[in-house]
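My entries follow in the order of looking.

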Amino acid sequence: KVSTDQQAFFQFDQGEGKSVGAEYDPATRELHMKSQADLLWIGTGPAENAMHIEAGDLVYKELEGKVYLSPWSRLTRGSLRIEAKNSVVTLIDGRIQLVESEMANGHGQDAGRKIEKGAHKLWATFSEEGVINKISGNQQARLVSLSENSRTTVTSDNIDLHFTPQTKQVNGVQQAESILTSALTTGKSVVESSPLPKPGVLPGETRILRSDVIEMAMKPGGQEIQTVRTQTAGQVEFKPNRPDHPHRTVDASRIIVHYGANNAIEKFLATGVKTRTDKPPILAKKNAGPPPPAFTWSDELSASFSPGSSELSRLEQWGHFRYEEGDRKAKAERALLEQQVNKITLTDSATVSDETGTTSADRIILDQEGGDFDAAGNVTSVRQPDKKPASASLLDQSQPMQAKAGKMRTRDNNQRIYYDGNAVLWQGANRISADSIEINRRDGTLHA
């Protein structure tokens with residue numbers, strides 16, 4: 001045996017190191033670096049893939065092929081650094097195969113993107129060249145990616161990051177590196193992407209995806225996300241960062257998100273869908289309170305976003321579509337929301353109803369802001385009597401009014417109603433047929 005309380009230096013075929021206080025037993029082939037342990041493990045791979053190992057206390061058991069680090073540890077390879085409490089390094093034929101760490105936090109930087117990761121338990125496996133194959137986190141696992149435009153945070157009970165080894169030329173020398181190809185989270189998974197503030201640029205929405213199981217696929221190079229999909233039921237929340245933007249949530253049995261450049265959402269697909277949209281409070285009418293939320297349901301949903309902005313431009317839902325907003329309800333086989341004009345187009349067996357009546361047609365266009373609509377194709381409508389009839393009304397205010405026409409439109413918040421094209425209107429025994437009929441409910445007049 002040999003031991004010392006002084007600073008000691010080591011050199012061996014797999015690397016070199018130093019510590020304050022050391023002990024070596026050639027019978028058990030154990031090296032104990034008692035404090036301030038600092039070890040550079042080169043292994044059998046190239047020198048640029050060496051692992052720098054630091055710890056308060058280090059025990060290398062050569063026969064087991066393990067290095068035990070306590071009560072703190074730090075492992076560094078290139079831009080990757082793992083800081084933890086206790087760690088165990090497993091060696092195979094002189095190369096590092098596995099690192100197991102407790103209460104671990106990892107840091108790294110790649111092509112201008114900063115990456116942080118952590119978990120109560122962290123495992124990292126390495127290839128024969130000394131580059132990472134896989135990183136797994138368990139218990140409060142997290143992954144943070146910080147780019148020029150956004151911050152993406154992933155939290156879950158378990159996270160598995162899969163890497164592909166790749167070689168590149170650096171100063172004329174071939175070097176191996178790890179490229180992130182996919183990530184899988186299981187157990188209370190949340191992916192949150194928020195825009196970073198920039199001078200003179202209006203912030204986009206913060207997007208939060210929640211599901212029990214989430215799978216992420218990366219684009220070639222591992223820098224940007226290609227797709228995110230849920231393997232179980234999930235929810236996407238679009239949180240506004242501007243006072244004039246709505247707050248949206250989408251609950252679905254399955255969700256797929258496709259990304260464009262700079263991790264901006266390009267397309268959003270969902271199955272078994274329920275949506276909720278809360279309008280911004282600044283749109284509330286004076287002395288009327290906040291606007292009611294809007295709900296939709298459908299079998300399928302497809303949303304498109306403006307290139308590079310992640311701003312919703314077009315939302316299409318089909319398969320047993322339903323819509324509710326306050327006392328207004330609608331249903332159809334297919335619905336299209338055009339965000340810029342704030343209108344919903346209903347097609348295939350479209351029906352709209354509220355406290356004033358019900359309208360059915362081949363196609364109905366709803367104005368979400370003003371509440372009016374345009375209907376075309378086999379229009380039928382039933383209008384309920386006014387609760388406060390005009391003093392001089394040409395219509396019987398005790399009975400509903402029914403109508404058929406080729407087209408129908410309402411204006412001034414349903415106060416003016418127009419029927420065009422073979423219009424027929426009847427109420428009780430009274431019946432009117434005309435090319436067009438106009439009803440002014442506020443004034444109590446009818447013009448045919």
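Entry 1, negative patch. I found D299, E333, D348 and D362 gathered on the surface in a patch of negative charge. The model is a predicted one: local features need pLDDT of at least 70, side-chain atom pairs count only at pLDDT 80 or more, and totals for chains, interfaces and linings use all residues. Residues are numbered from 1 along each chain as its sequence is written, and side-chain values use heavy atoms, with hydrogens and water left out. Patch members have over 30% relative accessible area and no salt bridge, with like charges joined within 9 Å and nonpolar side chains (Val, Leu, Ile, Met, Phe, Trp, Tyr) within 5 Å. Asp and Glu count as negative, Lys and Arg as positive, and His and the chain ends are not counted. The charge is placed at NZ of Lys, CZ of Arg, CG of Asp or CD of Glu. Areas come from the Shrake-Rupley method with a 1.4 Å probe, and for residues only the protein chains shown count as cover.

I then checked D362, which lies in strand β24 (residues 357-367). Strands (E, at least two residues) and helices (H or I, at least four) are DSSP runs numbered from the N terminus. D362 is partly exposed at a relative accessible area of 39%; buried means under 20%, exposed over 50%, and partly exposed in between (1.4 Å probe, protein chains only).

I required a side-chain nitrogen of Lys or Arg within 4 Å of a carboxyl oxygen of Asp or Glu. The count by this rule is 15 salt bridges.

I looked at E62 and R29, whose side chains form a salt bridge at 2.8 Å, N to O. E62 is in the loop between β5 (51-61) and β6 (66-77) and R29 in the loop between β2 (15-25) and β3 (30-33), so the pair ties together parts 33 residues apart in sequence. E62 is partly exposed at 32% relative accessibility, and R29 is partly exposed at 36%.

R74 and E54 form another salt bridge, with the closest N and O atoms 3.4 Å apart. R74 sits in strand β6 and E54 in strand β5, so this pair ties together parts 20 residues apart in sequence. R74 is partly exposed at 26%, whereas E54 is buried at 17%. I noted that E54, R74, R81 and E83 are linked in a network of salt bridges.

For D244 and R242 the closest N and O atoms of the salt bridge are 3.8 Å apart. D244 is partly exposed at 41%.

T227 is in strand β15 (residues 225-230) and is buried at 11% relative accessibility. Leaving out residues up to four places away in sequence, T227 touches E215, M216, A217, V257 and H258, a contact being heavy atoms within 4.5 Å.

N263 is in the loop between β18 (254-259) and β19 (265-278) and is buried at 11%. N263 and S150 are 113 residues apart in sequence and 8.1 Å apart in space, C-alpha to C-alpha.

I found a cis peptide bond between S70 and P71, with omega about -20°; P71 is in strand β6. R29 has a positive phi of about 55° although it is not a glycine. M103, also a residue other than glycine, has a positive phi near 50°. M103 is in strand β9 (residues 95-110) and is partly exposed at 40%.
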